[in-house]
Every structure is written in C-alpha cells, then in structure tokens.
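Here are my notes on the model you sent. I have kept them to numbered points so that each can be checked against the coordinates.

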Amino acid sequence: MTDSAKPTLMVVDGHSLAYRAFFALPVDNFTTKDNQHTNGIYGFLSMLVNLIKAEQPTHLAIAFDTSRHSFRTEEYSEYKATRSESPQEFKGQIPLLQDCLAAMSIPVLTKEGIEADDILATLASQGAEQGFDVLVVSGDRDTIQLVNDDVTLLYPSVQGVSQLKRYDPTTVQERYGVRPEQYPDIAALVGETSDNLPGVPKVGEKTAVKWLTQFGSLDELIARADEIKGVVGGNLRDHIDDVRRNRKLNRLLTDVELPVGPSDLAVAPIDAQAVRDIFARLEFRTLLPRVFEAVGAGEVADDPASVVVVPAPVETSPAELAAWAVAQHGDVSLRIMTQGGSPTRIGAATLTDLRESDWTESAAEALREWIESDAPKVLHDAKPQVKALIRQGIRLRGLAYDTSLAGWLLRPSFPDKTLSDLVERYLGEKLPEADPSQLVPETEGATPSQEAWFALRVADALREDIPESVAAVLVDIELPTLLTLADMEVAGVAVSHEVLSTFSGELAARAEGLAQEAFSVVGREFNLGSPKQLQEVLFEDLQLPKTRKTKTGYSTDAAVLADLQESNPHPFLSLLLQHREATKLRQIIESLDTAIGDDHRVHTTYVQTGSQTGRLSSTDPNLQNIPVRTEESRRIRSAFEVGEGYDALLTADYSQIEMRIMAHLSGDEGLIEAFNSGEDLHRFVGARVFGVEPSEVSPAMRTKVKAMSYGLVYGLSAFGLSKQLRIEQSEAKQLMVEYFARFGAVRDYLRASVMKAKEVGYTETIFGRRRPFPDLASPNRVLRENAERAALNAPIQGSAADIMKIALLHIHDDLRSQQLSSRVLLQIHDELVVEVAPGEWDATEQIVRARMGDAAQLSVPLDVQVGRGRDWNEAAH
DNA sequence: CTACTAACGTA
DNA sequence: CGTACGTTAGTAGG
C-alpha cells in the first residue's frame, strides 16, 4: 500500500486498456438499442472504478493516443506498421469514453504526435519529483522502465483487465531479472513484434539478461560486442543498428510539454447529472451506483457552491399572500401543491421574499384576482397546477415562464424531468428533498414557496442560456399551448362504455375460438401471447424456417409472419395473426374502458415535453394511437361520442402537411405546383415520375410514389423503399432516380438541411424550435447515420407540430373570445376533435377552418378537411 | 415489485 | 438499412 501521508497520483493509458477491454468483453452484451458498441467503454470504466476504490488516488488523469502517427513513426516509418488498424467499432467508443470521463471530472490528456505512454512517463517523473506516490496503469510493457521507489506500475495480467499486476522495483527484478530502468535494454535486444521492432535473432529474454548482467549496461555491451562468441555474437554485431534504434524508440519521453502538472489533477466532484445522462445513453445501469460509490457523489453535495441558504418562508393567509403578490412588480413564482387534483397549499416567491399558505375555503376568492391578472408568473410544470385552478373556477393568466418547458426546449433530447434536475443543471445546487424512505425524514424537503424560489432562479438562469428564436417558441407557442391543453384535459372526451363492452365481448369470444383452433392445429395448448413459447411452436414443433433475429431469439412480428405465410403456408399462421389482432383490439378497449371517469369521459394527459421534435404525446390513456386503419377497428372510434349538452363532434385534419412543408422548405417548383393544382398529390407526382397523364396513373404507380414521398420525410433508403414496396432494390433505386429527376429541389433541400445541421450542431423548424444533434459528428457510422435521418426529419415533423400548436391555440382563443361553448377536445398530431355546442356549428367550423388554414404562411396552401358526426368515426367522413 | 423486451397501435 | 411516440403482456431479476 502507498504511504497515506503522501498524495497519490494515478495516471492511466486509456487507449491500451480500453482496447484490451474491447476484446475481453462480448460485444453482444454491450450494444445499445442504437447499435452503439460499448464493451470497451464499459470494461474500461469498470476497471477504473475498481481501481479508484482500491487505490484511493488523490490525483488522477487518463492519457490517450491521438493517432498512430507520432514522433516515433517520423523516426522510423515502420514503427507499429504491422499493427492492424483498430476496428471502427472500437474507435467509435473512444470519444464516448472521453465524454464519460469528462462527466466524471477526470482530466483526459492527449497531445498531437505524442503517445499516451509518454504523457504517463512525463507525469510520473514530475509526480515522483513533487512528492507523490505514483501509480502508472498501462498495458504497454515499455512503461516498466518508469518503475522506481516512487512509481508503481499496474499492468493487466493474462487473466484480463480486471486483474492488474503490481510492479515495484522488486517484482520487476524478480520477473525480468533486471532493474526497471534496464528493461528497455532487454526489450531493445529482444525486439518487440507488436511494435514491428525486430531485435537480435536468436536472442530472447534469457540471453539479454545474461549479457546485461555480464557487461553492466547496453552501451558497454555494444562497445564490447566482439567479445561475444558464436552465432548470437555474430547476430548481435550484424544488428547493432537495430538495437540502437529500438533503444531510442522505446525510451519514453519524460519532458513532454503538458498544459497541466500533477498538482492540477486533483480528483474533482463529478457532474452527477452529466454522468446520469451519458450512462443512460450508453444504457449502463449497474455501473452508475458503482461510479457514485467509488468517486463519491456525496462530494457533489459537499461542494461549497451547492451549499445555498434558502430563504425562510413566511406563513400567511391566502388573502395576505394575494395582497403581497399584487404589490410585487417583477415576476412572482408560484407553486400550487395538489392532492387528487385539488389545491392543498400555495407558495409564492420573489428572489428575496417567500410567502405560503394553506389552500383554505376562502382561498379561491382571495387569490382569484391576482391569479387571473396579467401580473407575470413563473412556474415549474404549470399544467397540473393550472388544471387544479380550473377545477376551482380560476383561470390562470400572465403565465410568463415555465421552467419545465424552457428546459425541454433547450435540451429536447435529455428532458430534465424534475425541478430538482434543473436546479442541479442550471444552478449547480441541490434542491432539498425529503428522504422518502424515512417515515420521519431526517432532511426536510423544500416547501412550496421554496420550490417556487428555486424555479424563479432556474428561470433566470434559463433566460440567459436560451437563444432568441427558442425563447420566442416558448412565449408565442408553448406557454399558450399549455393553457389550451389544460382546458382540453379537464374537458375530456365522452366515451361510451356500452359500445366498448359490446365490442370487447365479441372480441373475447372470437379470440378464444381462434386460440382453441390454433391449439388443435398445433396439437398442444400454450400461451399465444408469449413470444418465447411461440418460437418453440413455430420453429421446433412446426419446423418453420427461422426468421429475423432479435436480441433474445427470433422475431414473430406481423411482418415476418406474413412472409412466412407466403413461403411456408400454414393454417396456424393466419390463426395466430387473427388472434393477435383480436386480443390487441381488446386490450386497447380494456384500457380505454377503465379510463372512463365518473363523468363518463376520458381525460388524457398531454405530455408537452414528451417528444424531441415538438410534438405532443398523450398518456393515461394514450388517445393518439386509437386504431383507425381497419373497418373493424374503427368501431372503437365510434365509442368516442359527443357529450351531453353538445350537438356534434367536428374533426379537422391537415392533409399532407409534412409534404407541404417539404414543398415550402425546398421551394421545389414541381411540388409547389402539385399542391396548387388541386390534383391529388400522389396522382400528380406519379404522373410526373412515370411520364403519363394524371388520369393514367395506375393504383400501383400511385402506391409507389406515395411510399417514396412519405419515405423522403424519414430519410428512406433504396433498401428501405424496396422492402416497403416488396420490389427489387434496383427498381427502388430507379424509382428514386426518376423521382428526383422531377423533384430535384427536394433532394437538394434535404442534403443542404443535414449539412447545415452538421455545421451548426442543431436543426431548426420554421418557427425557430431547435433540436441539437451531437451524433452528427460521431465517428461511429451507425450513430451518425441514425442522427442524419432524425435530423432530416426533425425540421419537417417539428414545423408541422408548430403549425398545429399555433392553430390549436388560435382556435381555443377564438372560441373563448367569441364566447362560444364549443371546445377542442383532442389533438392527434395533424387532427383536432372539437365538441360543438348547439347552434354553434357554423361559427365553430369557420374558426377551425380559418385558424388551421392561416396558422402559417407557406408557399403552398394548408388544406384542411372537416367532418361532422355524433361520434368520432362518423365525424371522420 | 421493478426493469426490460417484443410487439403493435397512431401520425 | 424510415421519423416520432405509449401501452401491453411476458419474462427475469430482486
């Protein structure tokens, strides 16, 4: 063990150890859903964490090679020339590993033209001089020369990276028979195959050690080379130049100029959130607690910067709180605690003053005027609070900032979910949290007004960070959308239990019949819903050919079953598919039915921060994926009915909004003409692509260009298109050529759009919503190409989302300002469902059409289809 | 009980 | 080897 009085400097060769881990760990177990390999990263970090725990270094750095070129290749071009190129799967892991280390606040050192081991040698030498105990961790034998009384080498043993062998001067002497500083002499004589440094033929370790012991030094040996007899003596004399060269090349530099010295490498508190983020991305789960344990996440909390004095709240009555709030001039932050959707307590804060109060009987009346005024209010995750107020008959106005939305707009790919996350990221502080595992918590959680105070400070920090265009999206789109969604969620949509349960009963009976039939075909009963048992039946009992592989076995999804049915028709396959369909519909019905409330309505929750593109998502239940494609499944939609006191449901959807946005963004004259011609889009495009009259476009032709058009928006390849259309890849390729011959500006735009994103690092919608794409710069091809497709899609899907949000909030505001009772209930990305009050149809339809049509000024019109009915299915026609 | 996967519904 | 989501049942681990 090291002397505890002395600081311990640990320096690690990142490249060589990660490389060993890369080969030691099976790649199959270390691949993310994005196909990013992580075995090298995991293995290295795992080893590092163990090392830190065991050695408790006070100072730490990891060195990496920059490339295979160094001053050594300059001197001797054959240096390491026989070493095969390290695989791309490994190289791609290095930048990610360095990101992990950055998050862990561990310095990463590199220098152009210098190998990692030279950096280690320099730091080891400086460290020893400055009174450190030095631990060198490397997989390169040349580092043996660094060992002395102050420097210990940890070298991977044959068992693998997890077992490191400790070399001090004594163990080196035992193992190699020489002192550490003599080891390079041996290596020079013997040569190093892996570095392509040939030594003296027939001379191995034994001979080399014997000579060195005999002559005392390499120089002496070279000077008296003629004293050596026999063949080896001749070999030595013939290869003296090689030996001199080897010795020159294997000497590690101890005078590399580095921006930091050992004392700058003190172990620093980790960035806990950054570590969580990157580990989440790499899908490391078990490693996270190990990292926190080893490097002490506790240090984050102990960081002086995070010790903040939170002002003490003043307990008031609701009326006093309201009076105080009204007297404030700037932003007031607000936090309403709720239970079961009703307010229980309210807290408010400025930067200097905190007030809070229980939500008493009279609270609503006392607070109404201020809450409904334009006075600016800042909240974190306002929607549930706004909803609680709506249920009290209070409509919040003056919503100036929502930190949850702002945080999402800045980093849509890593949603900082909670206020606590944002406090950590933007203030570098800890939000006081009660320990939920304790009945009587040792630590007090933040009170409502204290949470409000933190939110206000987070808002100020976010305002500094947020680009102007993104701030505009927040203020002009997201904040008003939040208030609209709150109304929609509170309203809910009427769903008929009777319609659902009738259908459910039919489906249950059918599913049971299909299951029995399937069992008799197979000859045994099993769980049709278990992919695992299904695989046994398909590939063992029935001996059907194996399909596409999944992580855990072979796929049994609808697409491969359809393929199987074509190549190996079997009655079981169609029974299975029908059974799947019936049970799936039944599940959807079941979840919908249980969501029906006492008011006979279903209240979904829209997650405004739920996507990376700007779309909404819908949960509990998800009303954005109610089946529509088949006639039968549409029966579910017919259960969505107009509510009591209302006349009709109105559905309104944008037709081909994404293609219209493509036309607008690309300025493609052909596509713009297509939308202005009034002709069916796919017919028009088909006519151009296949060189026929629109009337001569066959259904097959229309299907092809339709798939192509939609595919474009997603970054479709010839391979994907051929799979989708079940045509040859060459034909798909030809289709793409013909398509782009007519609509070339579309391709130009898509290319330019991704190029621009690579340059600036993010994409932008028409309205300025941004989405960062760090992976566009990734050396990993899979990651990069995935990012390219997503980057291609983001401005299009995102602009469509912006337009729909603008239309939605305009419709909502118009309906209210014209004092109509009709109300928007649902948003399904490009469709709205409105509940229309008696006598309001014409006014409502007019508002919906106008507001959807003029939500954005594009170079093509925004076409809106409107339908009317007693239920959703009827209204869709 | 939690966390994950395969499968599948929507735009 | 086509984007963006949420939910479910089955399964494996604790």
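1. Chain A of this predicted model is divided into domain 1 (8-172 + 252-293), domain 2 (317-434 + 443-466), domain 3 (497-599) and domain 4 (669-673 + 685-742), with bounds that come from an automatic or database domain assignment. Taken over C-alpha atoms, the centres of domain 1 and domain 4 are separated by 51 Å.

2. On conventions, residues are numbered from 1 along each chain as its sequence is written, and chains are lettered from A and ligands numbered from 1 in the order in which they are written. Because the model is predicted, local features need pLDDT of at least 70 and side-chain atom pairs count only at pLDDT 80 or more, while totals for chains, interfaces and linings use all residues; side-chain values use heavy atoms, with hydrogens and water left out.

3. DNA strand C is surrounded by 31 residues, the closest being Asn527, Ser530, Gln612, Ser717 and Gln724, where a residue is near a strand if one of its heavy atoms lies within 4 Å of it. By class this surface has 5 nonpolar, 21 polar and 5 charged residues; Ala, Val, Leu, Ile, Met, Phe, Trp, Tyr, Cys and Pro count as nonpolar, Asp, Glu, Lys and Arg as charged, and the others, Gly among them, as polar.

4. Several elements each supply at least two residues of the surface near DNA strand C, among them α24 (531-541), α26 (571-594) and β18 (617-619), and α35 gives the most, with 4 residues. Helices (H or I, at least four residues) and strands (E, at least two) are DSSP runs, numbered from the N terminus.

5. Of the atoms of DNA strand C within 4 Å of the protein, 72% belong to sugar or phosphate and the rest to bases.

6. Helix α19 (residues 403-410) is largely enclosed by the rest of the structure, because 8 of its 8 residues are buried, meaning under 20% relative accessible area (1.4 Å probe, protein chains only). At the start of α19, a side-chain oxygen of Asp402 reaches to within 2.8 Å of the backbone nitrogen of Ser404.

7. Strand β12 (residues 354-358) has 4 of its 5 residues buried, so it too is largely enclosed by the rest of the structure. β11 (residues 342-349) runs antiparallel to β12 and is joined to it by 5 bridges, with a hairpin of 4 residues between them, whereas β9 (residues 314-315) runs parallel to β12 through 2 bridges.

Notes: Buried means under 20% relative accessible area, exposed over 50%, partly exposed in between (1.4 Å probe, protein chains only). A polar contact is a pair of N or O atoms within 3.5 Å; within protein, one must be able to donate a hydrogen and the other to accept it, and residues adjacent in sequence count only if both atoms are side-chain atoms. Two strands pair if DSSP finds at least two bridges between them.
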